[in-house]
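Here is a short briefing for a first look at a protein complex. Read the points with the structure open beside them.

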Amino acid sequence: MRIPLAISALILAIGASIGWYDSQQLASIREIRGQLIAEAAQHGIVPDLSNSPGSAHITKHDREDREASAKRTAAQYLAFGKEREAFEKTAAGHRDPAVQKEMIRRMAEFRERMMAMEPAQMAILIAEVRSDSGLADDTRRRLFDVAVLALSNNHPQAVLELFAGESERAKDDVMGGGYIITSSLARWAKEDPLAALAWIHKNSDKNPDLITEEAKRGLISGAAMQDPKLAFQLIGELGLKGSDNVIQSIVGVARTPDEKLATLAMLREHLATHSEDPARDQAARDGLTMLANGIVQDGFTSACQWLAAADLSPVELAGVAAGLNYDPSKSGETGQWIEWLGKSLPPGAMAADRIQYLVASWTHNDPQAAGQWLATTPDGPARNTAIRSYAETISRFEPHTAAQWALTLPAGQDRDATLKTIYQNWPRNDPAGAAAFGDEHGLR
Amino acid sequence: MLPPTVALLVVGTWLGVQRRSISTMEQDCATLRQQITNDSGSAPLHARAAGSDKTSKSAASIHWETIARQFDERQRAGATADMRAMLRFDKKLQAMTREELIAGLDEIAALDLSANSRSMLEQTLIGPLIEKDPEYVLRHFVDCIQDDASGIKWHLSNAMRDWAKQDPAKTDAWFDQQIAAGKFDSKTLDGKNPFRMQFEGVMIGIWFTSDPSAAGHRLEALPEDQRVEVLSGLLGSVKQENQAAFTQLVRDQVPAQDQSQILNRLK
């Protein structure tokens, strides 16, 4: 009996010594792991240990560590919220800019930390924020917003589940709820549009207050980043035909001229499914207006190449025209765009409206350049529209010059209307000049 | 022989669990190291190798063309842009020295970028540089005011404010020199230069409490309609204790018929 006991004791002794050595090693590795997680967080990395073969074996100790860490962060975050609340009670003009800057820096630090946390940890933090009674409602809601937005950066599904699970309470807690839902759906759809779509289908009836038209547009805009064709298909699937801005949210994703041409082809394919003419035309105009914004940025020459390749219909051309905005940094091209409008659009209200707008903006910003362009532009309907706009714009400041330009217009209704506007705009400090002008043109 | 068998089983199980935990931890550490290494090696904020790009000369070693592409992608991504990347870049910018920021702006100026990308990059750097050396920013970039494509000009009044707080007399004198040199001339129809109005607002906002006559001189040099505009722009920043001085300035410098439209809005 003594021998087996002795052997047992020996086995236990050897085991204990190996076990002690292993436990030292385990403690050391655990510390290194903690440091690496912290370092990863500083890099903005959410520790992704899912591919690690050992990741399935999260020990109780690990779980407790993570929970404790989440609670620590929550406590620090709430303490920061209290500090910020006290700071904001100081009158706006008396706040120390250095303290304000430090507050912004610390909030950014919290954001970064929260973005590195796992959904389960964020759930703990969010619950702590919600249950805190020491903060003013506004402060608590702001902290909640920031936390939820941080969570949505890497785990949009978790945010959507949070809201879907208790929408009433979540709605009470959040200030930017609409934006958070929309951006979370967009983020998710960017990675997995069909999964995001399935979530909408599953939750639409239960949470109609969350899954709004705006939220669905968010999904479509995210899907467009990955697959514009699918995004167009989703418009019908989500019942958004005719919805404001939905076309723009897809078209706006295209960047290069080739991408824009491809998107235009998809848009045309999508519009072929529309049965109603007014809605189809409106969607075509919306899409082309958005595309025009980017095209103009590329410069007049390359824009013209794109427009030639696009072979636009009159409705589409009207969309491009509506998207032409005056850009002071491309002031030198404004004259070319005005001429393009005159040549490309059929004469009528649309062409006149866009030409008047561009000339008026240009004249206000740089009357000399606009005047020089006008002086060298060949006669024609576009030039006459431009003259009207130029004369009316400068009439408040230089009425005599305005009158000279107006008199170059062919006699008729347009010239008379322009002269009348000049008279009405005549500077108040020159009543005699106004009276003489009125008498001369029979306007008094 | 039962006790040794039991002892072996107990020790074996215990050591097995421990070894498994060690192995799990080691694998986690390896994964984390790999993720950190990948991030450092391919992080777009850092040049991968010194000398791999002629433009990465600043101490901060930022590859600006990559940043420009990221900015463009961020614009495209809109609400889905990666907030972590933004925070990391902001942090890096805040940590840059004055010299690094200036070198960065020089590098950006030398790159073949679209006007939009250049403007976005410049605007990103100019804020931190203003915090470090507002005088340098104003002296170096005042010509941007006449450049329609520049993004820097939108930030210069902040530089003016910061510099004027440090040395109002020197800032005021510099401003007058630039006006005399035509840097704030206007080509618009109404003759206003919005940047001059902003700068005047900054200087007058600083002078009217410490040296009301200096504030008065600045206003006198402006047409009457612009005085109303500049003073109206200051309304939000007039502290309770300075309201009397502000009111006096309005009464001295604004035509009687226009005074009420400013003073009625004074809280």
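Domain bounds come from an automatic or database domain assignment. In chain B, that assignment gives domain 1 (46–132) and domain 2 (134–267). Keep in mind that this is a predicted model. The predictor gives the complex an ipTM of 0.74 and a pTM of 0.77.

**Confidence in chain B**

- Chain B has a mean pLDDT of 87. In this chain, 90% of the residues reach 70 or more.
- Among the elements of chain B, helix H8 (residues 168–180) of chain B has the highest mean pLDDT, at 98. The lowest, 78, belongs to helix H1 (residues 2–42) of chain B.
- Residues 40–59 of chain B have a pLDDT that stays under 50. For this stretch, the model has 31 contacts beyond four places in sequence.

**Where the chains meet**

- Chain A brings 63 residues into contact with 47 residues of chain B.
- Several helices of chain A each supply at least two residues to the side that touches chain B, among them H1 (2–42), H3 (97–115) and H8 (177–191). Also included are H10 (213–226), H18 (349–365), H19 (367–376) and H20 (381–394) of chain A.
- Which helix gives the largest share of the side of chain A that touches chain B? H1(A) does, with 21 residues.
- By class, the side of chain A that touches chain B has 25 nonpolar, 27 polar and 11 charged residues.

**Domains of chain B**

- The C-alpha centres of domain 1 and domain 2 of chain B are 31 Å apart.
- Nine residues from domain 1 of chain B and 10 residues from domain 2 of chain B make up the contact.
- On the domain 1 side of this contact in chain B, five residues are nonpolar, three are polar and one is charged.

**Domains of chain A**

- Chain A is assigned domain 1 (254–323) and domain 2 (327–444).
- Their centres, taken over C-alpha atoms, are separated by 30 Å.
- Six residues of domain 1 of chain A are in contact with 10 residues of domain 2 of chain A.
- Helix H16 (residues 314–322) of chain A gives the largest share of the domain 1 side, four residues.
- What classes of residue does the domain 1 side of this contact in chain A have? It has six nonpolar, no polar and no charged residues.

**Two helix pairs**

- Two packed helices are described by the angle between their axes and the distance between the axes.
- In chain B, take helix H9 (residues 194–210) and helix H10 (residues 212–220). Their axes come within 7 Å and cross at roughly 155°. Angles over 145 degrees count as roughly antiparallel, so H9(B) is roughly antiparallel to H10(B).
- The crossing of H9(B) past H10(B) is left-handed.
- Residues of H9(B) that meet H10(B) include Met203(B), Ile204(B) and Trp207(B). Among their partners in H10(B) are Pro212(B), Ala215(B) and Leu219(B).
- The contact of H9(B) with H10(B) has eight nonpolar, no polar and two charged residues.
- In chain A, helix H4 (residues 119–131) and helix H5 (residues 137–154) pack at an angle of about 170°. Their axes are 10 Å apart. The angle makes H4(A) roughly antiparallel to H5(A).
- H4(A) meets H5(A) through residues including Met122(A), Leu125(A) and Arg130(A). On the H5(A) side, Arg140(A), Phe144(A) and Leu151(A) are among the residues met.
- The contact of H4(A) with H5(A) divides into 10 nonpolar, no polar and two charged residues.

How values were computed:
Residues numbered from 1 in each chain as written. Chains lettered and ligands numbered in written order. Predicted model: local features only at pLDDT ≥ 70, side-chain atom pairs only at ≥ 80, totals over all residues. Contact = placed C-beta atoms within 7 Å. Nonpolar A, V, L, I, M, F, W, Y, C, P; charged D, E, K, R; others polar. pLDDT = per-residue confidence, 0-100. Axes fitted to C-alpha atoms, helices over the stretch in contact; angles between N-to-C directions. Parallel < 35°, antiparallel > 145°, perpendicular 65-115°, else oblique. Left-handed = near helix turned anticlockwise from the far one by under 90°.
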